[in-house]
Amino acid sequence: TMSYTQIYYHIILRTKGSEKSISQHNVAHLYRYIWGIIENRKGKLYRINGIEDHIHILASVHPTIPLANFIKDIKVASTLWMKSSPDFTLFKGWSVGYAAFTRSFRERKSVIEYIKNQQKHHQRETSREEIIRILKEEGLDFDERFLS
């Protein structure tokens, strides 16, 4: 018998201390690298984009891969790669936590558009304002002290 799943996650990874340490100069190389990590973990990347202090990922995760392991693999491998790259000399690592929200097939296109427009979006809203808004929209309790 077959099992059918479609598990979309909107993932947000912030830099350590929310430092603006992701150079936008050659960020396409980073995104391609993360795409490879996702594919190696049996996932599928639908969109990735971000600004200097965080990135958004929309990906489907294979049901045999726990979300925490999937995110840990992305963070560990991308940190090692970025620290060895001359393009990301300011990058010290990802924050310990992350945000991840399930999305439906119907929401996929709007989330892709949202991620695609990060640079324009952040002309109007800071990263901190964005994460607080998203956490509230998702109905999650959170402690603002941990959202530096």
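The legends below describe close-up views of a predicted model.

View 1. The strands form an open sheet in the order E2-E3-E1-E4, with antiparallel pairing. Strand E2 and strand E4 (99-103) lie at the edges, and each of these two pairs on one side only. On average, neighbouring strands of the sheet are turned by 15° against each other, direction ignored. In general, the strands of a sheet are paired through backbone hydrogen bonds, in either a parallel or an antiparallel manner.

View 2. E2 and E3 run antiparallel and are joined by seven bridges. Within this pair, Ile48 is placed opposite Ile57 of E3, and Gly50 is placed opposite Ile55 of E3.

**View 3. Burial of strand E3.** Seven of the seven residues of E3 are buried, so this strand is largely enclosed by the rest of the structure. Both of its faces are covered. One side carries the buried residues His54, His56, Leu58 and Ser60, while the other carries Ile55, Ile57 and Ala59, which are likewise buried.

**View 4. The crossing of helices H1 and H2.** The axes of the two helices, H1 and H2, come within 10 Å and cross at roughly 140°. H1 is therefore oblique to H2. The crossing is right-handed. From H1, the residues His29, Leu30, Tyr33, Ile34, Ile37 and Ile38 take part in the contact. Their counterparts in H2 are Phe70, Asp73, Ile74, Ala77, Ser78, Trp81 and Met82.

**View 5. The largest nonpolar core.** This core has 25 residues, and those with the most contacts inside it are Ile22, Ile34, Ile55 and Ile57. At least two core residues come from each of strand E1 (8-14), helix H1 (27-40), strand E2 (44-51), strand E3 (54-60) and helix H2 (67-83). Leaving aside residues up to four places away in sequence, Ile34 touches Ile48, Ile55, Ile57, Ile74 and Ser78. A second core of eight residues is separate and includes Ala99, Phe101, Ile131 and Leu147.

View 6. Ser21 is located in the loop between E1 and H1. Its relative accessible area is 4%. Because this value falls under 20%, Ser21 counts as buried. When residues up to four places away in sequence are not counted, Ser21 touches Thr15, Glu52, Leu90, Phe91 and Lys92.

Methods: Residues numbered from 1 in each chain as written. Predicted model: local features only at pLDDT ≥ 70, side-chain atom pairs only at ≥ 80, totals over all residues. Heavy atoms only, no water. Core = buried A, V, L, I, M, F, W, Y, C linked by side-chain atoms within 4.5 Å. Buried < 20%, exposed > 50% of the residue type's maximum accessible area, 1.4 Å probe, protein only. Helix = DSSP H or I, 4+ residues; strand = E, 2+ residues; numbered from the N terminus. Contact = heavy atoms within 4.5 Å. Pairing = 2+ DSSP bridges. Axes fitted to C-alpha atoms, helices over the stretch in contact; angles between N-to-C directions. Parallel < 35°, antiparallel > 145°, perpendicular 65-115°, else oblique. Left-handed = near helix turned anticlockwise from the far one by under 90°.
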